[in-house]
Amino acid sequence: MGVGGYEDIRLDRTGQAEGFDAIGDRYDEAFPHKEGQVTAGERLLTRLPAGSRVLDLGCGTGLPTGRQLVEAGHKVTGVDLSAGMLALARRHVPRADFHRADIADLRTGGRHGPGGPQDLGRFDAVVAFFSLLMLPRVEIPLALRSVHDLLVPGGMFTLSMVEADVDDFAIPFLGNTIRVSGYLRDELRQVVAEAGFTVLEEDSYAYAPHTTEVPPEEQLFLHCRRPA
Ligand SMILES: C[S@@+](CC[C@H](N)C(=O)[O-])C[C@H]1O[C@@H](n2cnc3c(N)ncnc32)[C@H](O)[C@@H]1O
C-alpha cells in the first residue's frame with residue numbers, strides 16, 4: 001500500500017508504552033550480554049568526529065548504547081515513549097539529555113512543518129536499536145524518512161531490527177503484550193535504501209534472551225549513511 005505521510009494513517013500506541021513502563025529494569029535482566037549492539041556502537045564510534053550530536057531513538061534504559069556514546073565523549077539525546085524507561089535512562093546516563101516523545105513526534109515536513117511537533121535540531125548520527133520494530137510496517141518508511149531529515153548531510157544512522165516477516169504482530173513480552181513488526185533482511189535493506197540511505201555494512205547475530213517466553217532471534221544491524 002502506498003502511503004503519502006502521517007496524515008494518511010491513524011497512530012495506535014495502545015499498550016506499547018505501558019508494556020515497557022511495566023517491564024522497567026526487568027528489560028536489562030532479560031536482555032543482558034548485548035554483544036551485537038555494543039559492537040554496532042563501536043563501529044559507529046569509529047566514524048564519528050569528537051563531540052558529535054547523537055540521537056538515540058527509542059533509547060530504553062540507556063544501556064548499553066546511551067552510556068557507550070556518552071563515555072566516548074558525544075552529546076547524546078535520548079527519546080522514548082515510555083516514562084518508566086526514561087526514568088531508568090536518566091539514572092543510568094545522567095550526562096545525556098532525555099525527552100519523552102513518540103518517534104512520530106520527530107516527523108519532518110507534512111502538516112507539522114520541518115522539525116515536527118518536537119524539534120530537537122539536527123544530529124551527526126542517529127541510532128535506533130530495536131525501536132522501529134515497535135511500529136506497524138506502514139509507519140517504518142515514514143520514521144526512516146524522519147531519521148534521514150534529522151541527520152546532517154553525510155550523517156550516520158545505525159539501525160537494528162529482528163529479522164521476521166511480521167506486521168504489527170502481538171507477542172507476549174516479559175508478562176505483557178506488545179506489537180512488533182519486521183522484515184526479512186533483503187526487504188529491510190530495500191526499505192532503508194528507499195528512505196535515502198546508503199547501507200555501508202551489515203551484521204547479523206543469533207541472540208537468545210534470558211527467558212523462555214521470548215524465542216531466540218536473529219538480530220540485524222545496518223550501518224548507514226545519509227549521502228552528503
Ligand atoms: C525493544 S526496546 C529497545 C530499547 C533500547 N533501544 C535498547 O536497545 O535496549 C524498544 C523501545 O522503544 C520504545 N518505543 C516504542 N514505541 C515507541 C515510539 N513510538 N516512540 C518512541 N519510543 C518508542 C519503547 O518504550 C522501548 O523503550
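The buried residues of helix α6 (140–150) are Ile 140, Leu 142, Ala 143, Leu 144, Ser 146, Val 147 and Leu 150, where buried means that 20 or more other C-beta atoms, placed from the backbone, lie within 10 Å of a residue's own, exposed means 12 or fewer, and partly exposed covers the values in between. Helices (H or I, at least four residues) and strands (E, at least two) are DSSP runs numbered from the N terminus. This is a predicted model, in which local features need pLDDT of at least 70 and side-chain atom pairs count only at pLDDT 80 or more, while totals for chains, interfaces and linings use all residues. Residues are numbered from 1 along each chain as its sequence is written.

The cover over the buried residues of α6 includes β1, β4, β5 and α7, with contact taken as C-beta atoms, placed from the backbone, within 7 Å. An α-helix has 3.6 residues a turn, so residues three or four places apart point the same way.

**The core**

The largest nonpolar core has 53 residues, and Val 126 and Phe 157 are those with the most contacts inside it; such a core is a set of buried Ala, Val, Leu, Ile, Met, Phe, Trp, Tyr and Cys residues joined through C-beta atoms within 7 Å. When residues up to four places away in sequence are not counted, Phe 157 touches Ala 125, Val 126, Val 147, Leu 151, Phe 197, Cys 224 and Arg 226. In soluble globular proteins, nonpolar side chains tend to be buried together.

**The sheet and its helices**

Seven strands form an open sheet with mixed pairing, in the order β3-β2-β1-β4-β5-β9-β8, and two strands are said to pair if DSSP finds at least two bridges between them. The edge strands, each of which pairs on one side only, are β3 (97–100) and β8 (198–207). From one strand to the next, the twist averages 15°. Strand β8 runs antiparallel to β9 (residues 217–225), to which nine bridges join it, and Thr 198 stands opposite Arg 225 in β9.

| Helix | Strands touched | Angle between directions |
|---|---|---|
| α5 (residues 83–92) | β2 and β3 | about 170° with β3 |
| α7 (residues 185–194) | β5 (151–162), β8 and β9 | about 25° with β9 |

Leu 188 lies in helix α7 and is buried, with 20 other C-beta atoms within 10 Å. Leaving aside neighbours within four places in sequence, Leu 188 is in contact with Met 161, Tyr 183 and Leu 220; the C-alpha atoms of Leu 188 and Leu 220, which are 32 residues apart along the chain, are separated by 9.2 Å.

**The ligand shell**

Around the ligand there are 19 residues, of which Gly 58, Gly 60, Ser 82, Phe 129 and Met 134 come nearest; a residue is counted as near a molecule if its C-beta atom, placed from the backbone, lies within 6 Å of it. The elements that give two or more residues to this shell are α1 (16–23) and β2 (75–80), and α1 supplies the largest share, three residues. The shell divides into 10 nonpolar, seven polar and two charged residues, with Ala, Val, Leu, Ile, Met, Phe, Trp, Tyr, Cys and Pro counted as nonpolar, Asp, Glu, Lys and Arg as charged, and the others, Gly among them, as polar.

**Loops and backbone features**

The peptide bond from Leu 63 to Pro 64 is cis, with omega near 0°, and Pro 64 lies in the loop between β1 (53–57) and α4 (65–71). Phe 130, found in the loop between β4 (123–129) and α6, has a positive phi of about 55° although it is not a glycine; with 18 C-beta neighbours inside 10 Å, Phe 130 counts as partly exposed. Asp 168, in the loop between β5 and β6 (169–173), is not a glycine either and has a positive phi of about 50°, and its 14 C-beta neighbours inside 10 Å make Asp 168 partly exposed.

Strand β6 is joined by five bridges to β7 (residues 176–180), and the two run antiparallel, with Pro 172 opposite Thr 177 in β7. Their hairpin has two residues between the strands, and in it Leu 174 takes a positive phi near 50°.

Pro 32 lies in the loop between α2 (26–30) and α3 (35–47) and is exposed, with 10 other C-beta atoms within 10 Å. Although Pro 32 and Pro 209 are 177 residues apart in sequence, they are 7.5 Å apart in space, C-alpha to C-alpha.

Key. Contact = placed C-beta atoms within 7 Å. Axes fitted to C-alpha atoms, helices over the stretch in contact; angles between N-to-C directions.
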